[in-house]
Amino acid sequence: MYNPFQVLTDAFSSDYRVNFSLESPDGSITLRLYDDQGLVAKRLISPKQRNDPWRLDNLIQSIRVGIEIDRGKASNPTLLAMHAARLEQPTRAAPGQVCI
(Lines give C-alpha, C1' and ligand atoms only; values in the text may rest on other atoms or scores of the structure.)
Protein backbone atom coordinates (compact mmCIF):
# COMPACT_ATOMS: atom_id res chain seq x y z
CA MET A 1 0.00 0.00 0.00
CA TYR A 2 1.28 3.46 -0.95
CA ASN A 3 2.09 5.58 2.10
CA PRO A 4 3.40 9.05 1.15
CA PHE A 5 4.48 9.78 4.72
CA GLN A 6 6.68 6.69 4.70
CA VAL A 7 8.08 7.61 1.27
CA LEU A 8 9.05 11.07 2.56
CA THR A 9 10.46 9.67 5.79
CA ASP A 10 12.52 7.07 3.92
CA ALA A 11 13.82 9.72 1.52
CA PHE A 12 15.20 12.00 4.23
CA SER A 13 15.53 10.14 7.54
CA SER A 14 19.11 9.00 6.93
CA ASP A 15 20.30 12.64 7.02
CA TYR A 16 17.56 14.58 8.82
CA ARG A 17 14.92 14.38 11.50
CA VAL A 18 11.58 14.41 9.69
CA ASN A 19 8.51 16.16 11.08
CA PHE A 20 5.00 16.45 9.63
CA SER A 21 2.18 18.73 10.68
CA LEU A 22 -1.32 19.18 9.33
CA GLU A 23 -1.68 22.75 8.07
CA SER A 24 -5.11 23.30 6.60
CA PRO A 25 -8.57 21.80 6.18
CA ASP A 26 -7.76 20.97 2.53
CA GLY A 27 -5.31 18.33 3.79
CA SER A 28 -2.05 20.18 3.12
CA ILE A 29 0.81 19.17 5.37
CA THR A 30 4.08 20.83 6.25
CA LEU A 31 7.26 18.80 6.03
CA ARG A 32 10.14 20.03 8.18
CA LEU A 33 13.65 18.61 8.03
CA TYR A 34 16.10 19.20 10.88
CA ASP A 35 19.76 18.48 11.42
CA ASP A 36 21.99 19.20 14.43
CA GLN A 37 22.07 22.94 13.60
CA GLY A 38 18.28 23.23 13.32
CA LEU A 39 15.74 23.62 10.53
CA VAL A 40 17.12 22.68 7.12
CA ALA A 41 14.01 22.72 4.94
CA LYS A 42 10.32 23.44 5.28
CA ARG A 43 7.80 22.67 2.52
CA LEU A 44 4.03 22.84 2.30
CA ILE A 45 2.78 19.73 0.51
CA SER A 46 -0.66 19.68 -1.07
CA PRO A 47 -2.81 16.54 -1.14
CA LYS A 48 -2.26 16.43 -4.93
CA GLN A 49 1.52 16.29 -4.47
CA ARG A 50 1.32 13.88 -1.57
CA ASN A 51 -1.01 11.38 -3.21
CA ASP A 52 0.63 11.21 -6.65
CA PRO A 53 3.87 9.14 -6.58
CA TRP A 54 5.31 10.99 -9.60
CA ARG A 55 4.67 14.44 -8.08
CA LEU A 56 5.97 13.28 -4.72
CA ASP A 57 9.20 12.05 -6.31
CA ASN A 58 9.61 15.41 -8.07
CA LEU A 59 9.05 17.18 -4.75
CA ILE A 60 11.68 15.04 -3.04
CA GLN A 61 14.21 15.81 -5.78
CA SER A 62 13.35 19.52 -5.58
CA ILE A 63 13.89 19.56 -1.83
CA ARG A 64 17.25 17.80 -2.20
CA VAL A 65 18.41 20.27 -4.85
CA GLY A 66 17.23 23.20 -2.71
CA ILE A 67 19.20 21.92 0.28
CA GLU A 68 22.33 21.50 -1.84
CA ILE A 69 21.96 25.01 -3.21
CA ASP A 70 21.39 26.50 0.24
CA ARG A 71 24.52 24.76 1.50
CA GLY A 72 26.56 25.91 -1.49
CA LYS A 73 27.13 22.37 -2.74
CA ALA A 74 25.31 22.64 -6.05
CA SER A 75 27.65 22.59 -9.03
CA ASN A 76 25.17 23.33 -11.80
CA PRO A 77 25.47 27.05 -12.73
CA THR A 78 21.85 27.16 -13.88
CA LEU A 79 20.62 25.94 -10.49
CA LEU A 80 22.82 28.45 -8.70
CA ALA A 81 21.51 31.29 -10.86
CA MET A 82 17.90 30.23 -10.25
CA HIS A 83 18.53 30.16 -6.52
CA ALA A 84 20.19 33.58 -6.55
CA ALA A 85 17.22 35.02 -8.43
CA ARG A 86 14.85 33.48 -5.90
CA LEU A 87 16.64 35.23 -3.04
CA GLU A 88 16.45 38.67 -4.64
CA GLN A 89 13.61 41.01 -3.78
CA PRO A 90 10.84 40.77 -6.36
CA THR A 91 10.45 43.80 -8.58
CA ARG A 92 7.16 45.53 -8.00
CA ALA A 93 5.45 47.72 -10.54
CA ALA A 94 3.95 51.03 -9.57
CA PRO A 95 0.16 51.01 -9.47
CA GLY A 96 -1.23 50.98 -13.00
CA GLN A 97 2.08 49.90 -14.57
CA VAL A 98 3.35 46.56 -15.80
CA CYS A 99 6.62 45.14 -14.51
CA ILE A 100 8.77 43.60 -17.24
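The legends below describe close-up views of a predicted model.

Local features are given only where pLDDT is at least 70, and side-chain atom pairs only at pLDDT 80 or more, while totals for chains, interfaces and linings use all residues. Residues are numbered from 1 along each chain as its sequence is written, and side-chain values use heavy atoms, with hydrogens and water left out.

View 1. Helices (H or I, at least four residues) and strands (E, at least two) are DSSP runs, numbered from the N terminus. Along the sequence their order is α-β-β-β-α-α-α. Of the 100 residues in the chain, 28% are buried; buried means under 20% relative accessible area, exposed over 50%, and partly exposed in between (1.4 Å probe, protein chains only). Among contacts with a separation of 6 or more, 27% join residues 24 or more positions apart, where contact means heavy atoms within 4.5 Å.

**View 2. Helix α3 covers residues 53–70.** The expected span of a helix is 1.5 Å times one less than its number of residues. For the 18 residues of α3 this gives 26 Å, and the end C-alpha atoms are 26 Å apart, which agrees. The buried residues of α3 include Leu56, Leu59, Ile60, Ile63, Gly66, Ile67 and Ile69. At the start of α3, a side-chain oxygen of aspartate 52 comes to within 2.9 Å of the backbone nitrogen of tryptophan 54. After α3 comes glycine 72, with a positive phi near 75°.

**View 3. Helix α1 (residues 4–12) packs with α3.** Two packed helices are described by the angle between their axes and the distance between the axes. Here the angle is about 30° and the axes are 11 Å apart. Axes are lines fitted to C-alpha atoms, for helices over the stretch in contact, and angles run from 0 to 180 degrees between N-to-C directions. Angles under 35 degrees count as roughly parallel, over 145 as roughly antiparallel, 65 to 115 as roughly perpendicular and the rest as oblique, and α1 and α3 are therefore roughly parallel to each other. Their crossing is right-handed, a term used if the near helix is turned clockwise from the far one by less than a right angle, whereas anticlockwise is left-handed. The contact is made by Pro4, Val7, Leu8, Ala11 and Phe12 of α1 with Leu56, Ile60, Ile63 and Arg64 of α3.

**View 4. Threonine 30 lies in strand β2 (residues 29–35).** Threonine 30 is buried, with a relative accessible area of 4%. Beyond its neighbours within four places in sequence, threonine 30 is in contact with Asn19, Phe20, Ser21, Glu23, Lys42, Arg43 and Leu44. The side chains of threonine 30 and glutamate 23 are joined by a polar contact of 3.1 Å. A polar contact is a pair of N or O atoms within 3.5 Å; within protein, one must be able to donate a hydrogen and the other to accept it, and residues adjacent in sequence count only if both atoms are side-chain atoms.

**View 5. Glutamate 23 sits in the loop between β1 (17–22) and β2.** Glutamate 23 is partly exposed, at 39% relative accessibility. Glutamate 23 and leucine 44 are 21 residues apart in sequence, with their C-alpha atoms 8.1 Å apart in space.

**View 6. Serine 21 belongs to strand β1.** Its side chain makes a polar contact of 3.0 Å with the side chain of arginine 32. Not counting residues up to four places away in sequence, serine 21 touches Ser28, Ile29, Thr30 and Arg32.
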